[in-house]
Number of protein chains: 2
Amino acid sequence: MNIGEVAKRAGVSRSTVSYALSGKRPVSEQTRRKIEQVIADLGYRPNASARALANGRTSTLGLVFPPAGGHYTGMQLDFIGSVVEAASAYDYDVTLSTSGMDSDRSFQRLLGERRVDGAILMEIRLEDDRVDHFTRVDFPFVTIGRTAHPEQTWWVGIDHAALAASCVRHLADLGHRTVALVNRPEHLLRVGYESAHRGLEGFTKAAAERGLTARTYRCGDSAAAGEACVAQILHDDPTTTALVTLNEAALGGLYRGLAEAGRLVPHDFSVTGIAAGHWAETMTPQLTAADVPAAELGRLAVELLVERLDHPDATPRHHLLTPPIALRASTGPA
Amino acid sequence: MNIGEVAKRAGVSRSTVSYALSGKRPVSEQTRRKIEQVIADLGYRPNASARALANGRTSTLGLVFPPAGGHYTGMQLDFIGSVVEAASAYDYDVTLSTSGMDSDRSFQRLLGERRVDGAILMEIRLEDDRVDHFTRVDFPFVTIGRTAHPEQTWWVGIDHAALAASCVRHLADLGHRTVALVNRPEHLLRVGYESAHRGLEGFTKAAAERGLTARTYRCGDSAAAGEACVAQILHDDPTTTALVTLNEAALGGLYRGLAEAGRLVPHDFSVTGIAAGHWAETMTPQLTAADVPAAELGRLAVELLVERLDHPDATPRHHLLTPPIALRASTGPA
DNA sequence: TTGAAAGCGTTACCAT
DNA sequence: ATGGTAACGCTTTCAA
């Protein structure tokens, strides 16, 4: 059941069928109906590979996210889901590629073999070789997150610095004087992970502005690491009364560590940070946090990429989101 | 930079280049080296669309998972990640498709336009029209989870009935006499969601065998719903001393509800269920639970699918996993 | 308004 | 061991 078969049964040429389908050339009402009839009877659908070969576009987007090993966060799943749904609305498929560096196998396949028309990159680093590579070969892409020099690139992101800063100010307003930052793991900072660096920067700056005593910690992406991290914080400075976390996966462990140290949240100790909204709500007490609008970011990324694909010479655009802190139950007066 | 260009520069024909690449026909050592040289210089990679058109295979697998709306669970992300990684090891890409029913748009695209060679279906229902559809059109697929009649199909899954039953027995062994089941939401049961039904079945049967008083509840996939569910459970029968949950997303709410009711876990009340391991560990106290080996399931699903694609007439195979309960800190003597 | 035919970049069969 | 060429199924230009 290819286009030739449809043409034969409808008594027209293949080109007429093609035009009837695409509407790029007028087709008489009569033949159009005849063709539609045959198509419905046969259940014909044009072959995607042939179509891709003919017009040089695959109607597929690549979504590049880092390999497992490190656990995935809830945020990442929300991104993936929203990207797939948004892409589907524009008639694009999404193929996944796990890749940390531009040397990855599946990453090279997507690009080299032209399996996708464009790509969305997650988990951006300040200096990102994947971004450099895409830019160098002029391949259309949008990043979720931004590099150190995002001027000429297309991206969506949240303002981690502003978010971390507003967490600090929120704590300062409540009277806290000694605070800690629970960041992502050491190795992510070392490779220049954007959110970890910008969050750290915002935290540090805001703490200085408010004259707070501030310490920063790197913490593994697990409950166990979070628990250990709290112990360290309280050991280093027992007068600490609040923390800001950029580490979603450690959150449960942070709570547990505080409980073990006999610090009641929010009475004796305040916790806040950046996290996915529904995750923040599973905690007890519910986490006062800047909710990452992952679904919206995914949708915006797709919209930008589609726009870029439709207008290859458009000037780069971006969206920087600064969601407000959702006040819940994990922070209180010092 | 297509195969013709390579051929020209190497001074051979296109077919020779093709055979040098695929190894399906002997090529003299000399020309092979010359060709490889040119390929390296040009950075040539065969075009995936052309290749797919020529040999009728896309080297892409479809991964069908349900649309958002209901939040995704941690398990689902683990599946996705492991499927992508395993597929990559077999040189397959993975394209995602959100679909609840066989009528979905992106689902139809994947199938109808032959964008994928085979598919992996998640979130299986006992009577699943997607499975029926795939079977009817003889499209190669593997399900994560199994239908009511899985005899002639390829699948991987976990034995939810056995897992729920062993949770019940664990509680009975601890002396609990009145227990509750926190299941997935009403609408999922109504559409015949496998894990919810089989879990319910295993729970009910095991409770009867041990002569326990048992009640079952349907609970929304959120912390708030979990909180409400616990309130209901304790209202319906205040003598309830333990619960089994199939609902990962509600877990945080269940703990909160118990705390609000003044029931200390595990001292006054035991909680157990089926969940992803690292999720179970973020809870305080850590959840004693049957850990779903999501990563392993994803890998096995890919292996089965690849096998099926390589041997179209092989007889259906499957893997039924029954992970043991990991004893943590949320259960204790009645 | 429609048809014929030349691509798109591979693969694989048929020759030599 | 290698080359020529007809597929694969679609789009689009050129003609009528």
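Guide: Let's start with a term: a salt bridge is a side-chain nitrogen of Lys or Arg within 4 Å of a carboxyl oxygen of Asp or Glu. This is a predicted model, where local features need pLDDT of at least 70, side-chain atom pairs count only at pLDDT 80 or more, and totals for chains, interfaces and linings use all residues. Residues are numbered from 1 along each chain as its sequence is written, chains are lettered from A and ligands numbered from 1 in the order in which they are written, and side-chain values use heavy atoms, with hydrogens and water left out.

Visitor: Which residue of chain A meets B:Arg105 in a salt bridge?

Guide: Across the interface of chain A and chain B, the rule finds 10 salt bridges. In one of them, the side chain of B:Arg105 comes 2.8 Å, N to O, from that of A:Asp91.

Visitor: How much area do chain A and chain B bury between them?

Guide: The size of an interface is often given as the accessible area lost when the parts come together. The contact (heavy atoms within 4.5 Å) takes 51 residues from chain A and 51 from chain B. Carbon and sulfur atoms carry 53% of the buried area, and the total is about 4,700 Å².

Visitor: How many residue pairs are in polar contact across that interface?

Guide: A polar contact is a pair of N or O atoms within 3.5 Å; within protein, one must be able to donate a hydrogen and the other to accept it, and residues adjacent in sequence count only if both atoms are side-chain atoms. With both residues at pLDDT 80 or more, the number of pairs across the interface of chain A and chain B is 27.

Visitor: Which element gives the most to the side of chain A that touches chain B?

Guide: Helices (H or I, at least four residues) and strands (E, at least two) are DSSP runs, numbered from the N terminus. Elements of chain A that each supply at least two residues to this side include helix H5 (74–89) and strand E2 (93–98). The most, 8 residues, comes from H5(A).

Visitor: What is the bridge partner of A:Leu96 in E2(B)?

Guide: Two strands pair if DSSP finds at least two bridges between them. E2(A) and E2(B) run antiparallel and are joined by 3 bridges. In E2(B), A:Leu96 is partnered by B:Val94.

Visitor: Moving on to the DNA, how far is a polar side-chain atom of B:Arg25 from a base oxygen of DNA strand D?

Guide: DNA strand D has 27 residues around it, B:Arg25 being among the closest; a residue counts as near if one of its heavy atoms lies within 4 Å. A:Arg14 has a polar side-chain atom 3.3 Å from a base nitrogen of DNA strand D. For B:Arg25 and the base oxygen, the distance is 2.6 Å.

Visitor: Which element gives the most to the surface near DNA strand C?

Guide: Around DNA strand C there are 28 residues, and B:Ile3 and B:Ser18 are among those that come nearest. A polar side-chain atom of B:Ser18 lies 2.8 Å from a phosphate oxygen of DNA strand C, and for a backbone N or O atom of B:Ile3 the distance to a phosphate oxygen is 2.5 Å. With 4 residues, the most comes from H2(B).

Key:
Buried area = accessible area lost by both parts, 1.4 Å probe.
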